[in-house]
Amino acid sequence: MTDTSDARGRGETATEVKLDPNHPDYVRDPYPTYSDLREKCPVAHSDEFGGFWMLSRYHDIREASRDTELFSSAQGVTLPPVGNPMPFLPIELDPPEHAKYRKTMQTWFSVRAIEKLEPTVREIVSGLIDDIEAQGHADLTEALAGPLPPIVIALLLGLPREDWPRFRELAETMVNAAEEQDQERGAVSGMELMGYLYNQIEARRKAPTDDMLTRMIAIEIDGEPIAPDAVLGLAFFLLMAGHETSVGGISMMLMHIAKNPEVQQRLIADPTLIPKAVEEALRLEPPIQTIARTVSRDVCLHGVNLTEGEKVVLAWGSANRDTAIFPDRPDEFVVDRDRNPHIAFGDGIHRCLGAALARLEMRIVLEEVLQRIPGFRISDESQIEVGGFLARHVRRLPVDW
Amino acid sequence: MKICVDLDKCAGHAVCENLDEDVFRLGDDGYIQLLTEHPSEDNRNVMEDAVDQCPTGALSIQDS
């Protein structure tokens, strides 16, 4: 993809397809635009958010996510920027600093470590369904997809369970404010969330407990105790990434299953397909649609010149429907897709640390809803609200059963 | 066919383990362990997928 010796001007390809990330049609459904971009304009430009380039093809995105030297994460990875008061760690670090922070946490989120949470997660899901089962209808975002991930991340970090509505609202406000480019509102929520975490961390310095926040304080970087700011950066990111994304993953999976009675019947008849359905939901609707990088030097991509310091957005949501990789019905929910090398969790060294946790939550939710409220279907299509350039989730998901 | 893992590159994403649990296993140390270094030739497509999909490029196939 890269060819630094080619110094032509900004290619015509850069303006062929209009990329307006604020247009309501795009926010509601970015996939037709992605498809156009992949075909006609693989390196697209937009003047929004201070100006950025978008890569839309699977191969280009994978190559960029693996080239951490050219595509740096150190100047922030959210565009428009989420109002995080300090860098998100370790995702906003480049090598070699990145590995120093990530290595320790790797084992905390391994498949093996996460598997142990299965009974606890199932109990929480089951309890949430108890509250709605007899009603015959519910908003599944409000009742299930919204509460589960923050309850689980609170448990892992060691935060009081009853705090989840507060930090969930702050995190959601940060993401929504970023999408609406209301930096002040985002920053206010960011500061409040940081203050909350600061107090939780300080309490553990005085009285250590058996939770992830306590373990974070004990991390050593280059043989020295981790800096207090870095603990806050790790905790902040784990809290945000550890639940906002899964709310999106679970709610969009449930929306697709509710809209596809045939898929639902197949899964009920053969529950061994459920893990595949989870992967297909992730492919079709990655909750993190885009991640930003900054080019560290001038470079030419597909005949288009990018200048050092410019922002490049990697559109996972587009990569996952690229016909070069997914030739068979890329826009459909194909439950038993043979090969599914989706990159909903990203790629390269920054690939999602919590992938195993997200998969566990999604699988258990799907198993439980199919057993407890089988045949659930959308009650009113017009009530469904999905959107976002950075992150997508279903804000309201009213269903009947 | 011999499969190799470069532990300096492995970041324990376990993408390979998801593809074939009989060959790859994520150890308690957070890194991938090979349960066999010589997967059967019938398994070549899956091994090639594992090499291709490893997010950090830690896997390789050596043909003798």
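## Contact between the chains

In this predicted model, the contact is formed by 14 residues from chain B and 11 residues from chain A. On the side of chain B that touches chain A, four residues are nonpolar, six are polar and four are charged.

## Confidence

The model has an ipTM of 0.72 and a pTM of 0.91. For chain B the mean pLDDT is 89, with 98% of its residues reaching 70 or more. Within chain B, strand β1 (residues 2-5) has the highest confidence, at a mean of 95, and helix α1 (residues 15-19) has the lowest, at 87.

## Strand β2 of chain A and its partners

Strand β2 (52-55) of chain A pairs with strand β1 (residues 43-46) of chain A in the antiparallel sense, over four bridges. In this pairing, A:V43 stands opposite A:L55 of β2(A). The two strands form a hairpin, with five residues between them. In the turn, A:F49 has a positive phi of about 55°.

β2(A) is also joined to β10(A), here by three bridges and in the parallel sense. A:W53 has A:V312 of β10(A) as its bridge partner.

## Helix α3 of chain A

Helix α3 (residues 58-66) of chain A has the buried residues A:Y58, A:D60, A:I61, A:R62, A:A64 and A:S65. These buried residues pack against several elements of chain A. The strands among those elements are β2 (52-55), β3 (71-72), β7 (290-295) and β10 (311-315). Helix α16 (316-319) of chain A is a further element against which they pack.

## A:R102 in helix α4

A:R102 is found in helix α4 (residues 97-106) of chain A. A:R102 counts as buried because it has 20 C-beta neighbours inside 10 Å, and 20 or more is the cut-off for that class.

Leaving aside neighbours within four places in sequence, A:R102 is in contact with A:P90 and A:L353. The C-alpha atoms of A:R102 and A:H350 are separated by 9.0 Å, although these residues are 248 residues apart along the chain.

## Packing of helices α6 and α8

In chain A, helix α6 (residues 118-130) packs with helix α8 (residues 148-157) at an angle of about 145°. The axes of the two helices are 11 Å apart, and the crossing of α6(A) and α8(A) is right-handed.

From α6(A), the contact is made by A:V121, A:I124, A:V125 and A:L128. From α8(A), A:L148, A:I151 and A:V152 take part. By class, the contact has seven nonpolar residues, with no polar and no charged ones.

## An open three-stranded sheet

Chain A also contains an open sheet of three strands, in the order β4-β14-β11, with antiparallel pairing. Its edge strands are β4 (137-139) and β11 (377-378) of chain A, each pairing on one side only.

Three bridges join β4(A) to strand β14 (residues 398-400) of chain A, and these two strands run antiparallel. In this pairing, A:D139 has A:P398 of β14(A) as its bridge partner.

Terms used
Residues are numbered from 1 along each chain as its sequence is written. Chains are lettered from A and ligands numbered from 1 in the order in which they are written. This is a predicted model: local features need pLDDT of at least 70, side-chain atom pairs count only at pLDDT 80 or more; totals for chains, interfaces and linings use all residues. Two residues are in contact if their C-beta atoms, placed from the backbone, lie within 7 Å. Ala, Val, Leu, Ile, Met, Phe, Trp, Tyr, Cys and Pro count as nonpolar, Asp, Glu, Lys and Arg as charged, and the others, Gly among them, as polar. Axes are lines fitted to C-alpha atoms, for helices over the stretch in contact, and angles run from 0 to 180 degrees between N-to-C directions. A crossing is left-handed if the near helix is turned anticlockwise from the far one by less than a right angle, and right-handed if clockwise. pLDDT is the predictor's confidence in each residue, from 0 to 100. A residue is buried if 20 or more other C-beta atoms lie within 10 Å of its own, exposed if 12 or fewer, and partly exposed in between; C-beta atoms are placed from the backbone. Two strands pair if DSSP finds at least two bridges between them.
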